[in-house]
There are 2 protein chains.
Amino acid sequence: MPIDGSSAKRQPGLAEVAAMAGVSHMTVSRVVNDTGPVRAETRARVLAAVEQLGYRPNSAARTLATGRSSVLGVVALESNLYGPASTLYGIEHAAREEGYGVTISSVSRPRRSSFAEAVDNLRRQAVGGIVVIAPHVAAGEALRQVPADVPMVAVGGGESVPVPVISVDQYDGARRVTEHLLSLGHETVWHVAGPEDWLESLERERGWREALERRGAPVPPPLRGDWSPRSGYDAGRRLVAETRPDAVFVANDQMALGVLRAFAEAGIAVPGQVRVAGFDDVPEAAYFSPPLTTVRQDFIEVGRRTFRLLVERMEGGDPGIRHLVAPDLIVRDSTGPR
Amino acid sequence: MPIDGSSAKRQPGLAEVAAMAGVSHMTVSRVVNDTGPVRAETRARVLAAVEQLGYRPNSAARTLATGRSSVLGVVALESNLYGPASTLYGIEHAAREEGYGVTISSVSRPRRSSFAEAVDNLRRQAVGGIVVIAPHVAAGEALRQVPADVPMVAVGGGESVPVPVISVDQYDGARRVTEHLLSLGHETVWHVAGPEDWLESLERERGWREALERRGAPVPPPLRGDWSPRSGYDAGRRLVAETRPDAVFVANDQMALGVLRAFAEAGIAVPGQVRVAGFDDVPEAAYFSPPLTTVRQDFIEVGRRTFRLLVERMEGGDPGIRHLVAPDLIVRDSTGPR
DNA sequence: CCTTCAAATGTTAGCGCTAACAGTACCGCG
DNA sequence: CGCGGTACTGTTAGCGCTAACATTTGAAGG
């Protein structure tokens with residue numbers, strides 16, 4: 001008996017369990033995977049051995065033998081942006097419930113090459129399927145060049161993405177928030193948009209623009225930020241300096257915070273002199289000064305549906321190409337009565 | 001020749017490459033992994049074949065053959081809290097640079113059993129090592145019961161965690177921000193703490209308390225929130241109703257936002273009548289009303305060091321048990337001159 | 001009582017890779 | 001000229017699992 005407390009003998013395999021239960025390794029496999037018929041009594045004996053030995057199937061061996069993997073890859077943007085991060089958790093949540101693992105490969109800057117690299121990275125790890133959280137136009141282009149040997153779906157991509165896409169209906173949310181603002185009697189609504197190379201920016205901008213056009217309201221030139229509070233602040237200062245807006249729809253809550261800050265510094269009251277709305281409903285939004293009207297997206301639901309879509313795809317199905325989740329308009333003080 | 005454009009013949013393996021290069025599969029393996037001597041000309045031939053066939057090593061097979069995996073697992077809390085999410089990206093970033101994959105297993109509620117389950121989930125996936133992002137006391141307890149057959153390190157855990165831990169020095173940050181507040185001439189500093197079962201709350205509270213005691217300042221009873229803006233708001237209302245604080249140190253920026261909101265509603269000027277500081281330096285903090293004094297934590301650095309620590313551990317080293325990263329005090333208007 | 005077939009179990013052959021050892025060629029040196 | 005190396009390459013045997021087929025068992029049907 002070894003004197004050191006190593007007890008380092010390998011994890012038990014099918015063989016050990018089989019020996020203890022007095023059956024062949026194949027029977028154990030059948031019990032563990034619940035495939036093929038096994039007598040109840042035998043099953044019990046095997047299960048007991050599994051329990052006692054603390055047997056744990058080796059996923060590498062299984063993947064090698066079957067050629068498929070129960071791990072799926074997620075390409076995510078390396079950012080703390082509320083949406084993408086929430087989506088990631090949503091997917092992981094759904095995947096875990098179904099016994100799938102999730103490995104991530106993040107992209108620090110949304111360039112085409114880096115998306116391709118991230119996908120490649122995951123393929124090397126032999127994942128069974130890939131989800132690309134791709135709110136960026138570059139992602140769509142990159143995906144176009146990826147060999148189709150791994151099932152793939154995208155979240156938040158546009159039409160250009162050559163795989164099934166699931167996303168929150170940005171267009172609808174933007175349209176509704178703009179109409180809400182118009183319904184309060186403003187002649188028009190200004191817009192602080194997100195970066196031009198983000199699909200979500202484009203969709204939100206389109207929703208805003210079409211809502212205005214439908215009402216016959218003039219369409220002021222949109223200002224553009226980069227999602228950050230700082231860029232929202234800059235946009236807010238420009239708005240204050242150059243014009244005198246009655247209502248502003250900001251493409252996300254973080255920038256809206258910056259806009260509110262700029263207005264506060266300029267002594268402009270919200271909603272007294274100008275009404276402001278955002279997009280995302282980050283947890284902080286209800287505590288901005290003033291609390292922010294915004295559009296809520298159900299990312300958990302997006303994650304769940306994304307996972308289902310991918311599994312369907314992995315099993316050979318051919319789900320439709322575009323799936324939309326409806327957002328909710330959340331009205332708060334920033335568009336409240338004066 | 002098949003008429004359908006499937007072209008679905010399996011990915012090439014070592015064997016195919018070997019055949020094309022006219023060598024044995026073993027030589028290919030040596031070239032690919034750069035292990036063992038290979039004549040320059042042979043190597044070139046192999047590399048050419050690799051290139052042409054688009055050969056990609058199969059990680060499942062490698063894992064099976066070697067018994068070690070170049071994927072590491074991260075147990076993360078399923079939340080959008082700024083710190084944990086940033087840490088996750090930091091780790092993934094460092095891991096990817098070194099050719100490691102990262103799989104995540106999230107924990108929806110920080111209970112002991114769920115941490116254990118998440119770790120188990122990762123072990124089943126045969127990861128080479130595990131990082132537990134464990135700012136919660138329950139995590140420490142859970143970790144204590146996990147068999148030590150997988151190298152493991154923790155981020156942000158306390159002394160109770162039985163594995164190497166790396167974290168930002170919460171105590172130091174809290175102490176410094178409290179001293180900053182005291183140095184402005186306030187008799188004492190109130191504190192809105194985080195949940196009692198989070199280690200970071202406890203450390204921040206301790207830093208605050210000891211800073212006060214060292215100055216001989218009275219120690220008011222801390223209020224307690226749950227990190228959310230709403231709980232900060234509630235705490236702020238209580239502060240307004242029950243007492244008349246000159247200075248408040250709030251345990252994170254989100255709650256600080258709520259506190260600011262409560263003060264704003266009560267017509268209390270910041271920093272005019274009360275000074276407020278937070279912790280984390282979320283991107284929004286500079287655009288709060290007023291911009292928030294806070295403590296910045298370098299999560300990317302934490303991630304990098306965590307990864308290094310884990311690798312060292314996986315290679316059999318026995319790194320020291322506690323590693324601290326120093327935070328930075330960021331002074332903004334919320335503790336500015338009156 | 002023997003056939004017949006399904007249920008239950010076992011046997012064999014890889015999945016693609018690496019570890020370990022076994023050559024083979026060619027060099028320098030006694 | 002032959003010995004011991006060193007540089008290079010090849011052969012074999014698994015890693016732990018599942019797919020596919022082979023075999024045994026048992027109970028029903030004739």
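Modeller: Happy to! Helices are DSSP runs of H or I with at least four residues and strands are E runs of at least two, both numbered from the N terminus. The model is predicted, so to speak of local features I need a pLDDT of at least 70, and side-chain atom pairs count only at pLDDT 80 or more, while totals for chains, interfaces and linings use all residues. Residues are numbered from 1 along each chain as its sequence is written, and chains are lettered from A and ligands numbered from 1 in the order in which they are written.

Let's begin with the cis bonds. In chain B, Ser289(B) joins Pro290(B) through a cis peptide bond, with omega near -5°. Pro290(B) lies in the loop that runs between strand E9 (275-277) and strand E10 (294-296) of chain B. In chain A, the bond from Val270(A) to Pro271(A) is cis, its omega being near 5°.

Asp281(A) is not a glycine, yet its phi is positive, about 55°. Its loop lies between E9 and strand E10 (294-296) of chain A. Asp281(A) is buried because 22 other C-beta atoms lie within 10 Å; the cut-offs are 20 or more for buried, 12 or fewer for exposed and partly exposed in between, with C-beta atoms placed from the backbone. Trp227(A), also not a glycine, has a positive phi near 85°. Trp227(A) sits in the loop between strand E7 (223-224) and helix H10 (229-242), and it counts as buried because it has 23 C-beta neighbours inside 10 Å.
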